[in-house]
Amino acid sequence: MAAGSDGMPAPASLEEVRDGLANAGYLASEAAALVSFLAYKLGKPVLVEGPAGVGKTELAKALSRFRDRPLVRLQCYEGLDEAKALYEWNYRKQLLRIQTEVAGTTWTDVQEDIFSADFLMGRPLLQAISAEEPVVLLIDEIDKADQEFEAMLLEVLSDFQISIPELGVVEAKTHPLVLLTSNNTRELTEALKRRCLYLWLDYPDAERELEIVGLHVPELPETLSRKLIEVVHMVRSLDLKKPPSIAESIDWARALVVLGAADIDKSVFDRTMSIIVKHRSDLDVVAERVGVRLGNGLLGKAESG
Ligand SMILES: Nc1ncnc2c1ncn2[C@@H]1O[C@H](COP(=O)(O)OP(=O)(O)OP(=O)(O)O)[C@@H](O)[C@H]1O
Ligand SMILES: [Mg+2]
């Protein structure tokens with residue numbers, strides 16, 4: 001569908017998207033801003049992949065804040081089915097309706113009634129399709145749903161309509177901006193990828209992460225956040241089961257503020273490293289490699305300048 005089909009003009013430029021996202025509290029990388037801009041212009045869904053905690057879900061939330069569009073979120077999990085994603089008939093209400101039936105009405109009348117919109121419970125995909133106002137549709141962690149679900153989703157995403165046998169076809173009144181996220185726990189189908197724009201979100205470089213942490217935890221003095229980012233990046237460079245994400249950098253920064261830490265020295269690090277490292281074996285590696293460097297004064301002040 002063409003840009004502007006939702007009644008809202010698409011953003012005029014890449015800069016407008018980047019600045020708009022920044023105002024909404026999201027510091028987008030060049031790639032993230034570009035793909036978001038193209039999503040508006042081309043009306044295509046975006047598939048966002050990347051490690052945990054790098055801002056995949058937050059991008060969708062920020063896009064919804066940016067243009068004041070409601071966010072409709074579908075959280076995927078194993079066994080997610082159409083009843084939870086598309087729509088479901090409200091059986092209880094239908095039953096009540098049947099029980100309160102007065103004598104003389106035919107079964108056809110009742111049937112027509114209980115399979116009307118009044119008895120339908122719209123789930124996220126139907127809500128997004130039938131919304132009067134354009135929405136941002138976030139299909140979060142699609143890799144957790146089964147392949148059959150993906151196939152069903154493809155239909156919805158290519159036609160922007162949902163067929164309900166008893167009611168007919170519900171066509172999209174407005175075109176939602178669709179974001180799918182995946183942590184890559186399984187390979188998604190080629191068919192799905194083909195229909196989406198693709199964005200790989202990775203850990204940001206030090207400067208951007210510094211900005212992100214500064215945005216979330218402005219109380220942390222800059223010298224300290226520089227050192228924090230330096231340590232986090234060093235920890236990420238080790239061969240760990242689970243490297244720390246942006247979410248963990250932010251948590252660590254908050255913890256340092258709460259503890260009133262004046263510096264990240266070996267003792268502060270030893271006490272708080274479990275905020276960024278969450279595997280027994282990783283803790284040992286990090287304590288040895290990073291703890292020792294902090295103890296020797298090899299990290300921080302000298303380099304931060
Ligand atoms: N570019 C960014 N600008 C501002 N905040 C960010 C940015 N990237 C990440 N964050 C922050 O990092 C945290 C984690 O982000 P988010 O929950 O979106 O990660 P995710 O990639 O969806 O992780 P998961 O795969 O675990 O669901 C959030 O608090 C978010 O606000
Ligand atoms: Mg997420």
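Helices are DSSP runs of H or I at least four residues long, numbered from the N terminus. In this predicted model, the helix α3 spans residues 56–66 and gives two or more residues to the shell around ligand 1. Just after α3, D68 takes a positive phi of about 60 degrees. The points below cover the ligand site and then the helix.

**Surroundings of ligand 1**
- Ligand 1 sits in the largest pocket.
- Besides α3, the elements that give two or more residues to its shell are α10 (206–216) and α12 (246–259).
- The ligand is surrounded by 17 residues, and the closest are L27, G53, K56, T57 and E58.
- Sorted by class, this shell holds eight nonpolar, six polar and three charged residues.

**Polar contacts and cover of ligand 1**
- A polar backbone atom of E58 lies 2.7 Å from an oxygen atom of ligand 1.
- For V54, a polar backbone atom is 3.1 Å from an oxygen atom of the ligand.
- With N183 the contact involves the side chain: one of its N or O atoms is 3.0 Å from an oxygen atom of ligand 1.
- The protein buries 81% of the 630 Å² that ligand 1 exposes when taken alone.

**Helix α3**
- Eight of the eleven residues of α3 are buried, which leaves the helix mostly covered.
- The buried residues are K56, T57, L59, A60, A62, L63, S64 and F66.
- K56 and T57 are buried in α3 and are also among the residues closest to ligand 1.
- An α-helix has 3.6 residues a turn, so residues three or four places apart point the same way.

Conventions
Residues numbered from 1 in each chain as written. Chains lettered and ligands numbered in written order. Predicted model: local features only at pLDDT ≥ 70, side-chain atom pairs only at ≥ 80, totals over all residues. Heavy atoms only, no water. Near = heavy atom within 4 Å. Polar contact = N/O pair within 3.5 Å; in protein donor to acceptor, adjacent residues only side chain to side chain. Areas by Shrake-Rupley, 256 points an atom, 1.4 Å probe, with all protein chains shown as cover. 1 Å grid on protein atoms, 1.4 Å probe; cavity = no way out; pocket = protein on both sides within 12 Å on 5 of 7 lines; lining within 4 Å. Sits in = over half its atoms within 2 Å of the grid points. Nonpolar A, V, L, I, M, F, W, Y, C, P; charged D, E, K, R; others polar. Buried < 20%, exposed > 50% of the residue type's maximum accessible area, 1.4 Å probe, protein only.
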